[in-house]
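Please find below some notes for a colleague who is meeting this structure for the first time.

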Amino acid sequence: MANNKKKPALTEEEKKLFEDLLPNEYRELSELGVQRRHFLKLISIMGGIIFLEGRPVLARSGFEETIHATPAFIENPVKVSFHVNSVKKTLDLDSRMTLLDALRERLHLTGSKKGCDHGQCGACTVMVDGRRVLSCLTLAATCEGKTVTTIEGLARDNQLHPMQEAFLKHDGFQCGYCTPGQICSAVALMTEAKNGDASYATPDIRSAAQPVELTRDEIRERMSGNICRCGAYPNIVAAIQEVYSGTEVAQTWQHPNDNR
């Protein structure tokens, strides 16, 4: 026996919501008959996007245009304002959120990598007020009013930072996962040496406030917190030496297909 049970149709309000949110799909489905299951699927999909992404969702046509920039499940919200790569950012985030997660998940600056998430590999290194920090161990709330520079903020006007160019020239990376942290750390240590900040390898720690000469041993010691599983350490040292000295350092590697 044929099933003559009538399928539930949409109310006028539901039709209007469907048409406002997905006008093209509504017109297509209207020819076949819009049913309640279509509406329920739409609401489920939209709700899933809001819950999983926590990204700005804009309501259109007939609704007040509101950007929901803060996920509704934040338990301990705090407002944090700071400059990231020369742009002021204000976020409502969990007071326990790390700077790394704020950069990656809220600001979508994914250059800084999450490696060990325990402050041991250095892949998440960024600069806060010019000094390098491990962003996986730094609470975003502590950066209130400060300036954060990530790997995305080093280049200017489509011109790579000298350290980025040196890493390319000297093949200072292979898989590239640790490279953002390596480069940020290398840029920061140049300032540290200029300010006379001593390291374990510094011969005379009493000569405070005097620039420290970045020998190979100094560079190795100061970069020891940045781990490279590919083992590109000699090339990383060569890249830093070139930027530090300001003079060209001979390229130490050669491509197999290079006939020079």
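1. The expected span of a helix is 1.5 Å times one less than its number of residues. Helices (H or I, at least four residues) and strands (E, at least two) are DSSP runs, numbered from the N terminus. The model is a predicted one, in which local features need pLDDT of at least 70 and side-chain atom pairs count only at pLDDT 80 or more, while totals for chains, interfaces and linings use all residues. Residues are numbered from 1 along each chain as its sequence is written, and side-chain values use heavy atoms, with hydrogens and water left out.

2. Overall make-up. The protein has eight helices and five strands, and along the sequence they follow the pattern α-α-α-β-β-α-β-β-β-α-α-α-α. Of its 260 residues, 35% are buried (under 20% relative accessible area; exposed is over 50% and partly exposed in between, with a 1.4 Å probe and protein chains only). Among contacts (heavy atoms within 4.5 Å) with a separation of 6 or more, 53% join residues 24 or more positions apart.

3. Helix 8. This helix has 13 residues and spans 18 Å from its first C-alpha to its last, close to the expected 18 Å. Its buried residues are Asn235, Ile236, Val237, Ala238, Ala239, Ile240 and Glu242. These buried residues pack against helix 5 (162–169), helix 6 and helix 7 (216–222). Gly246, with a positive phi near 75°, follows helix 8.

4. Helix 6 against helix 8. Helix 6 (residues 179–194) packs on helix 8 (residues 233–245) at about 35°, with the axes 11 Å apart. Axes here are lines fitted to C-alpha atoms over the stretch in contact, and angles run from 0 to 180 degrees between N-to-C directions. From helix 6, Gln182, Ala186, Leu189 and Met190 meet Ile236, Ile240, Val243 and Tyr244 of helix 8. The residues of this contact are seven nonpolar, one polar and no charged (Ala, Val, Leu, Ile, Met, Phe, Trp, Tyr, Cys and Pro count as nonpolar, Asp, Glu, Lys and Arg as charged, the others, Gly among them, as polar).

5. Cysteines. How many disulfides does a search of the whole structure find? It finds zero, a disulfide being a pair of cysteine sulfur atoms within 2.5 Å. The sulfur of Cys121 has its closest cysteine sulfur in Cys116, 3.8 Å away, too far for a bond. Cys121 counts as buried, at 17% relative accessibility. Cys230 is also in no disulfide, with the nearest cysteine sulfur, that of Cys175, 3.7 Å away. Cys230 is partly exposed, with a relative accessible area of 29%.
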